Every structure is written in C-alpha cells, then in structure tokens.
Amino acid sequence: MAAKSEKRVASSVFITLAPPRREVAAAEQVNRAACEARPGSSWGSSAPLKTPGASLAGRPGPWAPLGKAVSAVPAVPPQLSNGDICAFCHKTVSPRELAVEAMKRQYHAQCFTCRTCRRQLAGQRFYQKDGRPLCEPCYQDTLEKCGKCAEVVQDHIIRALGQAFHPNCFTCVACARCIGDESFALDSKNEVYCLDDYYRKFAPLCSICENPIIPRDGKDAFKIECMGRNFHENCYRCEDCRILLSVEPTDEGCYPLNDHLFCKPCHVKRSAAGCC
C-alpha cells in the first residue's frame, strides 16, 4: 500500500516587477525673458539714447520675437513732452535730458540700469525678467544650470529627478542614448537607464521559458518566486497537466515535489507512484 502523500504547499511570492523608482522626464523650452520691440523699430544690439531735438535715423529691422535678447527701441517721436515720467525714479523726463525708451516706458538715461548690479544699460544689450531690466551677465546668473555639466540651460530643458538637464546630457548610462521625455528607471546607485537597458540588465529570467520578466504594452509585469526560482504568471503551471497554479496557499496552489511544480492532484499521483 502506497504511503499517504504529505501535503506540501510552496511558499509562492507574487511580486510586481515595475521598478520602484521609474519616472518620466519632462521636456520644456526655456522662455528667455527679453524686452519687447515693435514692428519696424529695431535698432540692432543696444538701447539707444534719445538726444533732445535730434531725429533718429536708421534702417528699420524685423519684428523681434519673445525669447531673444533684443534692443530697447524708441516707439514714439524723439521729442518728449513735459508730461513724460521716468518709470524708475517717477520724476519728469525733461526734453533737454537724454532719455531711453525700453519695455514700453520712458527712463532717464542714468536711471535705466541693471536692477541687480546697477550697471547702466543705455546703449547696451539687455534682458527683461519679471519686468526688470538685467544686463547679460546678471540674466545668465538667473538661468538654471544643468545637473550633469553645470552649464547654463538656455534653450530646451529636461526636468527630471528634481533637476534641469540639457537634452544631450540626460542620457542612458548603458547605451548613451538621449532619453528626452521618455520614461526611465534608476538603479540602486541612482544611475539613469532607458527602460530597455534597465530590464535587459536587471530583469529576472523565467526559469521555464528563460525570457526576461518585463512589463509589456505599458502594463506592469509580475514575477512569481517559488523554490528560489522566478516565473512569469503564465509559466507558473503544473508540469504534468499544465494547469495554471495559484500563488495563494490553497488547494489550487503549488505542491512541489523534488524541485518540480505540480498541482495537488498531480502531486498525489506522483507521490503514489513513487516517481517524479
């Protein structure tokens, strides 16, 4: 008479494979604050002075779009009226004084300065940030620095891991491909990987089909651990009848025998026959 088989339920663990620190990088375009110019009034690279009683001669330039440093240009006749007020000191700009027109306002020439270092900007290239004129060095100091090369990010920017990056600096550590605004993953040392390389390097292999256990079609994958081995959900089956096994310690779970996976009925049959 065959010995009664002993019920042995495997310790199966259902584990999500999605990397715990998978993130998405956001790509943006840096808005470079600048002064505004009106059509047909650009005068090149400097903020021109208005000389009392003199006419302004020159070749009109194109419309200057936002996002570039442009010059402050006159948009009204050079002859000032007695009612013009300096936007900085709020005092009258006399027709006998040198004046600067920038950002749609009038300034005394000595009042139109960088709001950080106080350098005079009359006749100089300048930037506008939050309504304040800045010289180029001070404006550059306000820009974000790349988290990898520490250089200023002036055009397109990648935001990830709480930092800003040049697109060419935010790359996969394995293949050096630019990640852009794609999803990425981090290893234990916070090294950045594209998802393909991350799973190629770190994904466990299924002990049945020997393929990596990785997410598919944007959905997280799961691995099943049993007897120190890893399995796809669909590969976790009885080796005799091929029925899917439950990860729960129930009658539908795994009853291993000599390192083989069996359902309960097949386990009983194998045990009764004394073979595996």
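**Briefing: salt bridges, cysteines and a packed helix**

E182 counts as partly exposed, at 35% relative accessibility. E182 forms a salt bridge with R177. The model shown here is predicted. The chain has 276 residues, and 38% of them count as buried. It holds 3 helices and 14 strands.

**Overall build**

- The accessible surface of the chain comes to about 16000 Å². Carbon and sulfur atoms account for 49% of that surface.
- Among contacts in the chain with a separation of 6 or more, 46% join residues 24 or more positions apart.

**Salt bridges**

- The count of salt bridges comes to 6. Among them are the pairs E182 with R177, R159 with E144, and D251 with K264.
- In the E182 and R177 pair, the closest N and O atoms are 3.1 Å apart. R177 is partly exposed, at 34% relative accessibility.
- In the R159 and E144 pair, the closest N and O atoms are 2.7 Å apart. R159 lies in strand β9 (residues 156–160), and E144 lies in the loop between α1 (136–142) and β9, so this pair ties together parts that are 15 residues apart in sequence.
- R159 is partly exposed, with a relative accessible area of 31%. E144 is partly exposed too, at 36%.
- In the D251 and K264 pair, the closest N and O atoms are 3.6 Å apart. D251 lies in the loop between β14 (229–232) and α3 (264–273), while K264 lies in helix α3, so the pair ties together parts that are 13 residues apart in sequence.
- D251 is partly exposed, with a relative accessible area of 42%. K264 is partly exposed as well, at 30%.

**Cysteines**

- The structure holds 0 disulfides.
- C86 is in no disulfide. Its nearest cysteine sulfur belongs to C89 and is 3.7 Å away.
- C86 is buried, with a relative accessible area of 0%.
- C135 is in no disulfide either. The nearest cysteine sulfur, that of C138, is 3.5 Å away. C135 counts as buried, at 3% relative accessibility.

**Helix α2**

- Helix α2 covers residues 195–202. In this helix, D197, Y198 and Y199 are buried.

Conventions
Residues numbered from 1 in each chain as written. Predicted model: local features only at pLDDT ≥ 70, side-chain atom pairs only at ≥ 80, totals over all residues. Heavy atoms only, no water. Helix = DSSP H or I, 4+ residues; strand = E, 2+ residues; numbered from the N terminus. Buried < 20%, exposed > 50% of the residue type's maximum accessible area, 1.4 Å probe, protein only. Contact = heavy atoms within 4.5 Å. Areas by Shrake-Rupley, 256 points an atom, 1.4 Å probe, with all protein chains shown as cover. Disulfide = S-S within 2.5 Å. Salt bridge = Lys/Arg side-chain N within 4 Å of Asp/Glu carboxyl O.
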